[in-house]
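Work through the exercises below with the sequence and the structure side by side. Try each task before reading its solution.

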Amino acid sequence: MIPEIEQLLNDQITYEAKASAQYLSMASWADTNGYNGVAEFFYMQSEEERLHMTKLVKFINERSGVAIIPAVDKPRNDFDSLIELFEIFLESEEFVTAKINNIIHECLTLKDYNVHNFMQWYVSEQLEEEATARTLLDKLKIIGDDKSGHYLFDRDINTFQATEQA
Ligand code: OFO
């Protein structure tokens with residue numbers, strides 16, 4: 001494996017691990033603030049990010065590289081509101097997308113078409129996750145400070161998910 005690409009993939013492991021830890025922390029916050037649907041949503045997102053990380057670990061090792069498992073900083077675990085939670089979610093997904101795009105760019109520059117091909121899965125995944133984050137944030141902006149709106153959002157969030165991905 002081209003060393004520069006191996007380094008970028010290892011960096012990506014760290015970003016996926018950070019996203020997983022951040023979403024777990026957001027799930028936990030939601031759990032303790034009465035938003036059980038939102039908690040369930042972020043528990044699932046956290047699991048997904050962990051799977052994205054593991055997929056990279058296996059890929060690097062299968063290609064005779066060495067995957068490095070990173071230490072992850074303590075994620076933020078206090079939030080002002082539901083809307084802030086989803087702003088952080090969208091920012092995090094946009095950050096990860098930018099990093100994935102950078103890997104794609106480097107793969108093309110260094111002519112690593114194998115890794116380029118592998119990374120296409122991440123490109124599609126990011127498109128889907130960013131769209132979900134934007135849709136949910138838009139709904140919350142419409143709801144504003146309305147408490148009954150928050151109640152319904154929490155009750156229905158995992159239905160939106162299922163519907164949007166269907
Ligand atoms: Fe790893 O899929 Fe989003 O961040």
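The model is predicted, so local features need pLDDT of at least 70, side-chain atom pairs count only at pLDDT 80 or more, and totals for chains, interfaces and linings use all residues. Residues are numbered from 1 along each chain as its sequence is written, and side-chain values use heavy atoms, with hydrogens and water left out.

**Exercise 1. Salt bridges**

Task: State how many salt bridges a search of the whole structure finds, then describe the one between Arg76 and Glu84.

Solution: 
- Step 1. A salt bridge is a side-chain nitrogen of Lys or Arg within 4 Å of a carboxyl oxygen of Asp or Glu.
- Step 2. The search of the whole structure gives five salt bridges.
- Step 3. In the bridge between Arg76 and Glu84, the N to O distance is 2.7 Å.

**Exercise 2. A bridge within a helix**

Task: Find how Glu130 and Arg134 are placed in helix α4 and which network they belong to.

Solution: 
- Step 1. Helices (H or I, at least four residues) and strands (E, at least two) are DSSP runs, numbered from the N terminus.
- Step 2. The side chains of Glu130 and Arg134 form a salt bridge of 2.8 Å, N to O.
- Step 3. Both lie in α4 (residues 113-143), four residues apart, so about one helical turn separates them.
- Step 4. Glu130 is buried at 12%, and Arg134 is partly exposed at 34%.
- Step 5. Through salt bridges that share partners, Glu94, Glu130 and Arg134 are joined into one network.

**Exercise 3. Nonpolar cores**

Task: Describe the largest nonpolar core and say which helices supply it.

Solution: 
- Step 1. A nonpolar core is a set of buried Ala, Val, Leu, Ile, Met, Phe, Trp, Tyr and Cys residues joined through side-chain atoms within 4.5 Å.
- Step 2. The largest core has 24 residues, and Val38, Phe42, Leu85 and Phe86 have the most contacts inside it.
- Step 3. At least two residues of this core come from each of α1, α2 (36-62), α3, α4 and α5 (147-165).
- Step 4. Another core, of 20 residues, lies apart from it, with Ile13, Met53, Ala67 and Cys107 among its members.

**Exercise 4. A residue of α1**

Task: List the contacts of Leu24, leaving aside its neighbours within four places in sequence.

Solution: 
- Step 1. Leu24 lies in helix α1 and is partly exposed, at 44%.
- Step 2. Contact means heavy atoms within 4.5 Å.
- Step 3. The contacts of Leu24, with those neighbours left aside, are Tyr43 and Ser46.
- Step 4. Leu24 and Tyr43 are 19 residues apart in sequence, yet their C-alpha atoms are 5.7 Å apart in space.

**Exercise 5. The largest pocket**

Task: Find which helix gives the largest share of the lining of the largest pocket.

Solution: 
- Step 1. On a 1 Å grid over the protein atoms alone, a pocket is an open set of points where a 1.4 Å probe fits, with protein on both sides within 12 Å along at least five of seven lines; lining residues have an atom within 4 Å of a point.
- Step 2. The lining includes Tyr15, Lys18, Ile88 and Phe95.
- Step 3. α1 (3-32) and α3 (82-109) each supply at least two lining residues.
- Step 4. The largest share, five residues, comes from α3.

Terms used. Buried means under 20% relative accessible area, exposed over 50%, partly exposed in between (1.4 Å probe, protein chains only).
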